[in-house]
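Hello,

Here is the model I promised to pass on to you.

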Amino acid sequence: MLIAITALVLLVIGAGIWWSMTGRDSAPSREKEIARLLSEADQDLRQGKIEGPEGDNAVSRYRAVLTLDPDNARARKGLDRIVDRFVALADEALGQRNLDRAGGFLSSAEGIAPDDRRVSEARARLESLAGESRDADAIRRDLAAAEADIEAGRLTGPKGNNAVERLRRVLARDPDNRAARDGLRRVVERLVTLTEDALNAGDMDKANAYLAQADGIAPGDEALRSLRARMQTAAGASKHSEEIERWLAEAEALFAKDHLTSPEDENAAKRYRDVLAVDPDNRAARDG
């Protein structure tokens, strides 16, 4: 019994000595490992080995330190400096309009500090510039297509494939775009020419259609108002001309029947007078 008690006491004492020795040794060993990792991480950072090669870079070593010591200020500061470096590189790439490169740097920064304000602000700058770039590409395409439409006479139709719609899309993105405004002015000028050609050809329906299209692009334009007044005058003259031709023909028919002054409303003299009321110098009516 005494032997058993003695053996138990010796076992407890031995365990205590082993725990004491291993406990004291483990702390220095952990601190040495942290110090080594921090030294190597700092060196990686100076050499530019930030994320690669895999397992042999500043980020992986700083993270290894934080696994051993989650509150290690030096490791946290090291990662913070890396985030700063990535954001600066992203901004430099944005200044060169290299959006893909900037996006790569920001992805790396987000992998380290996804909720960092510096990173989110840089991401917003990237997205804004990307939007501007997409708009610029779309503007260039629409301007080129609109120019081709104007040359081909596709001014206002067919829908979705004409100069006016493309130029209006440009102005929706860039309200002060001079090329788009000049393009619309050229379209209006072309429509005015087409209106005048139709007017000279006596095709009032076509002239009115062209002028309505021009009004839809530049409502209130002084030149269009002037053209509209000319068309109304021409329309009135055309109507009078048709009436005169009809009255002269009726007068000749009545004259042939000897209906010279009677019946009261159906005689040659009245028809000739009707013509002279509209056109006092009409030679055919005076001769009649």
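What percentage of the contacts in the protein chain with a separation of 6 or more comes from residues 24 or more positions apart? The share is 46%, where contact means heavy atoms within 4.5 Å.

Some ground rules before the rest. This is a predicted model, in which local features need pLDDT of at least 70 and side-chain atom pairs count only at pLDDT 80 or more, while totals for chains, interfaces and linings use all residues. Residues are numbered from 1 along each chain as its sequence is written, and side-chain values use heavy atoms, with hydrogens and water left out.

**Confidence**

The average pLDDT (the predictor's confidence in each residue, from 0 to 100) is 82 for the protein chain, and 86% of the residues score at least 70. Residues 1-25 stay under 50, and the model gives them zero contacts beyond four places in sequence. Where pLDDT is low, the predicted coordinates should not be read in detail.

**Overall make-up**

The protein chain has 11 helices and zero strands. Both kinds of element are DSSP runs numbered from the N terminus: helices are H or I with at least four residues, strands are E with at least two. Of the 288 residues, 31% count as buried; that label means under 20% relative accessible area, with exposed over 50% and partly exposed in between (1.4 Å probe, protein chains only).

**Two helix pairs**

Helix α3 (residues 73-95) packs on helix α4 (residues 99-112) at an angle of about 165°, and their axes are 8 Å apart. Axes here are lines fitted to C-alpha atoms, for helices over the stretch in contact, and angles run from 0 to 180 degrees between N-to-C directions. The pair α3 and α4 is therefore roughly antiparallel (angles over 145 degrees; under 35 is roughly parallel, 65 to 115 roughly perpendicular, and the rest oblique). The crossing of α3 past α4 is left-handed, that is, the near helix is turned anticlockwise from the far one by less than a right angle. On the α3 side the residues include L79, V83, F86 and L94, and those they meet in α4 include R101, F105, L106 and I112.

Helix α5 (residues 117-152) and helix α6 (residues 163-173) cross at roughly 155°, with axes that come within 8 Å. These two are therefore roughly antiparallel as well, and α5 passes α6 in a left-handed crossing. Among the residues making this contact are D135, D142 and D149 of α5 and R166, R169 and R173 of α6.

**Some local details**

N57 caps the N-terminal end of α2, with a side-chain oxygen 3.2 Å from the backbone nitrogen of V59. Within α2 (residues 58-68), the buried residues are A58, V59, R61, Y62, V65 and L66.

N267 is found in the loop between α9 (222-256) and α10 (268-278). Why does N267 count as buried? Because its relative accessibility is 3%. A polar atom of the N267 side chain lies 3.3 Å from the backbone oxygen of T261, and one lies 3.2 Å from the backbone nitrogen of A269. Leaving aside neighbours within four places in sequence, N267 is in contact with L254, H259, L260, T261 and S262.

A285, in helix α11 (residues 283-287), is also buried, at 3% relative accessibility. The C-alpha atoms of A285 and R271, 14 residues apart along the chain, are separated by 8.4 Å.

Notes. A polar contact is a pair of N or O atoms within 3.5 Å; within protein, one must be able to donate a hydrogen and the other to accept it, and residues adjacent in sequence count only if both atoms are side-chain atoms.
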